[in-house]
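My notes follow in the order I worked.

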Amino acid sequence: MRTFKIFFNTIRSMSFKKIMRLLSLILPHPLFALLSFHATVKAFTIAQKKFPETASNNGIGNAFRHALWCCFIMMYCCKISSPKKALDFCKRITDMHEELFPNEPLETKMDLHNNKIGMDYFMEILPGIHRQFFEKSFFVDALVKKMNDAKVLKKLDDHFEGHLVYLEE
């Protein structure tokens with residue numbers, strides 16, 4: 001129930017223009033949209049349990065949450081469509097999230113970078129596992145391990161290819 005309240009309040013706070021942009025992406029892909037919403041809830045719940053102090057701010061838990069979110073979107077959408085279409089939708093919906101709910105430039109760079117890490121990780125393991133057999137634990141365990149090598153993003157021109165990034169508190 002709390003999830004739907006947050007979702008409803010978020011939509012209520014959006015301008016008409018932002019709502020129309022969102023609808024232009026989700027209406028042509030209603031199943032992807034529903035699966036993405038489900039992925040959002042699951043990723044947020046897991047991140048809150050694993051990293052209760054930093055999942056909702058710009059800390060290491062946020063990096064984990066963004067990468068996991070993209071892995072889950074890809075996993076769910078690949079079960080009903082091709083990996084290429086799932087990747088395209090995942091990139092568009094997660095990029096749009098950053099546009100519709102803007103942050104400071106460094107926070108946006110961090111979120112987009114961690115989203116890419118999640119999508120890249122999914123595509124990296126895709127050839128070894130039939131997409132119908134993916135499970136959440138494949139991503140949770142691997143991303144928790146990736147947290148050991150996460151880097152602190154300090155400047156907009158920092159590049160940490162292949163590593164999750166977070167901001168120091």
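**Notebook: rings and one asparagine**

I began with Phe-51, which is buried at a relative accessible area of 17%. The cut-off for buried is under 20%, so Phe-51 qualifies at 17%. I kept in mind that the model is predicted.

Next I searched the whole structure for aromatic pairs and got six. One of them joins Phe-51 and Phe-64: I noted 5.1 Å centre to centre and 55 degrees between the planes, a tilted pair. This pair links distant parts of the chain, 13 residues apart, with Phe-51 in the loop between helix H3 (30-50) and helix H4 (60-78) and Phe-64 in helix H4. I looked up the accessibility of Phe-64 too: it is buried, with a relative accessible area of 0%.

I then turned to Phe-72 and Phe-139. Phe-72 is in helix H4 and Phe-139 is in helix H7 (residues 136-146), so I logged a link between distant parts of the chain, 67 residues apart. Phe-72 counts as buried because its relative accessibility is 0%. Phe-139 also has 0% relative accessibility and counts as buried.

I checked which cluster these rings belong to. Phe-72 and Phe-139 form one aromatic cluster with Tyr-76, Tyr-121 and Phe-122.

Last entry: Asn-115. I found this residue in helix H6 (residues 105-125). Its relative accessibility is 0%, so I put Asn-115 down as buried. Leaving out residues up to four places away in sequence, I listed His-66, Trp-69, Cys-70 and Thr-94 as touching Asn-115.

Conventions. Residues are numbered from 1 along each chain as its sequence is written. This is a predicted model: local features need pLDDT of at least 70, side-chain atom pairs count only at pLDDT 80 or more; totals for chains, interfaces and linings use all residues. Side-chain values use heavy atoms; hydrogens and water are left out. Helices (H or I, at least four residues) and strands (E, at least two) are DSSP runs, numbered from the N terminus. Buried means under 20% relative accessible area, exposed over 50%, partly exposed in between (1.4 Å probe, protein chains only). Contact means heavy atoms within 4.5 Å. Rings of Phe, Tyr and Trp (its six-membered ring) pair if their centres lie within 6.5 Å; planes under 30 degrees apart count as stacked, over 60 as edge-to-face and the rest as tilted.
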